[in-house]
Amino acid sequence: MKVAVVGATGLVGTVMLKVLEERNFPMTELIPVASEKSVGKKIMYKGKEFPIVSMETAIQLRPDIALFSAGGSTSLENAPKFAAVGTTVIDNSSAWRMDETKKLVVPEVNAKVLTKEDKIIANPNCSTIQMVVALQPLHEKYKIKRVVVSTYQSVTGTGVKAVDQLMNERKGIDGPKAYPYEIDLNVLPHIDVFQDNGYTKEEMKMIKETNKIMGDDHIKVTATTVRIPVMGGHSESVNVEFENDFDLSELRSILENAPGIIVVDDVANLKYPMPKDAHQRDEVFVGRLRRDESQPNTLNMWIVADNLRKGAATNAVQIAEYLVEKALV
């Protein structure tokens with residue numbers, strides 16, 4: 001099992017390598033890939049050094065799986081080249097997510113859609129991933145009509161430059177900016193670019209991807225995505241309207257028994273999910289479970305996950321694990 005990690009020196013690529021090592025992914029050869037300026041440099045994996053190679057070299061090596069986290073344009077150009085030599089690509093960019101010929105996968109929700117013929121598989125947007133993990137078991141039981149989500153997203157979702165901006169601002173240092181305004185002691189209701197309808201691209205990703213992953217275009221979704229000065233994970237306030245009424249204790253039990261979810265919901269003892277507790281964890285944390293008393297059959301909940309792990313690297317590795325387990329590669 002030869003595995004390429006494309007974008008191995010980036011924020012998500014580094015976490016992908018860490019997750020592969022932690023989960024002891026069954027590979028015989030690691031092929032780290034990065035930009036030309038990084039070729040020849042070494043990365044560490046399981047106590048051994050591996051030289052970074054170029055995209056062309058990696059394609060010639062015909063890996064079984066290529067985990068991509070190198071941006072949309074890189075993926076659009078190179079994922080088909082890997083696929084052409086028989087590699088199964090799992091891509092973390094937005095390049096292929098809404099392509100009707102490509103699967104968009106969160107293993108806890110829809111891994112069963114995958115086949116041997118899927119050579120380019122899309123990894124969803126980080127904020128969508130954690131939300132659908134919590135929504136799916138509830139949809140199966142109560143059937144979701146509408147979702148209203150507001151996000152509180154970590155600067156790590158933007159990348160190293162954004163982390164540096166936040167830290168520089170805290171120290172009073174003037175440096176490169178990832179955002180158009182200060183992020184420290186501030187909140188930006190603006191993630192990605194604004195669209196003609198007034199929504200941002202991030203908001204439209206959450207809307208469209210939720211329908212595609214859950215396989216139900218009847219679920220209505222509206223989103224407001226917000227960047228806040230934290231690291232460790234994304235948080236979401238989610239209001240869910242169901243077709244059928246629910247018993248809150250039964251609903252809590254469903255979430256507690258669903259794969260990939262940890263319920264932290266004990267307000268009497270001030271227990272609820274926070275980004276600092278989700279940091280470097282692979283699970284999706286759910287809490288603040290309560291009825292929306294303003295209308296029937298409606299739930300409020302709070303969802304938190306590490307956006308670099310479950311929101312990106314871990315989800316991609318879990319897809320790879322499923323492919324191996326089901327002999328699809």
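Helices here are DSSP runs of H or I with at least four residues, numbered from the N terminus. With that settled, here are the close-ups; keep in mind that this is a predicted model.

**View 1. The second largest pocket, with α3 in the lining.** Helix α3 gives four residues, the largest share of this lining. Both α2 (55–60) and α3 (72–84) supply at least two residues each. The pocket holds about 280 Å³ of space, and 16 residues line it, with A34, S35, M55, A70 and T74 nearest the centre. Sorted by class, that lining comes out as five nonpolar, six polar and five charged residues.

**View 2. The largest pocket and the residues around its centre.** Elements giving two or more residues to it are α1 (11–22), α7 and α10 (309–325). The class tally for the lining is 11 nonpolar, 17 polar and six charged.

**View 3. An open six-stranded sheet with mixed pairing.** Read across, the strand order is β10-β9-β11-β14-β13-β12. β10 (220–224) and β12 (261–263) are the edge strands with a single partner each, so one side of each has no neighbour in the sheet. On average, neighbouring strands are turned by 25° against each other, direction ignored.

**View 4. Inside the sheet, β11 next to β14.** Strands β11 (residues 234–242) and β14 (residues 298–305) run antiparallel and are joined by eight bridges. Look for V240, which stands opposite L299 in β14.

Technical notes:
Residues are numbered from 1 along each chain as its sequence is written. This is a predicted model: local features need pLDDT of at least 70, side-chain atom pairs count only at pLDDT 80 or more; totals for chains, interfaces and linings use all residues. Side-chain values use heavy atoms; hydrogens and water are left out. Two strands pair if DSSP finds at least two bridges between them. Axes are lines fitted to C-alpha atoms, for helices over the stretch in contact, and angles run from 0 to 180 degrees between N-to-C directions. On a 1 Å grid over the protein atoms alone, a cavity is a set of points where a 1.4 Å probe fits but cannot get out, and a pocket is an open set with protein on both sides within 12 Å along at least five of seven lines; lining residues have an atom within 4 Å of a point. Ala, Val, Leu, Ile, Met, Phe, Trp, Tyr, Cys and Pro count as nonpolar, Asp, Glu, Lys and Arg as charged, and the others, Gly among them, as polar. Grid points are joined across faces, edges and corners, and a volume is the space filled by probe spheres set on the points.
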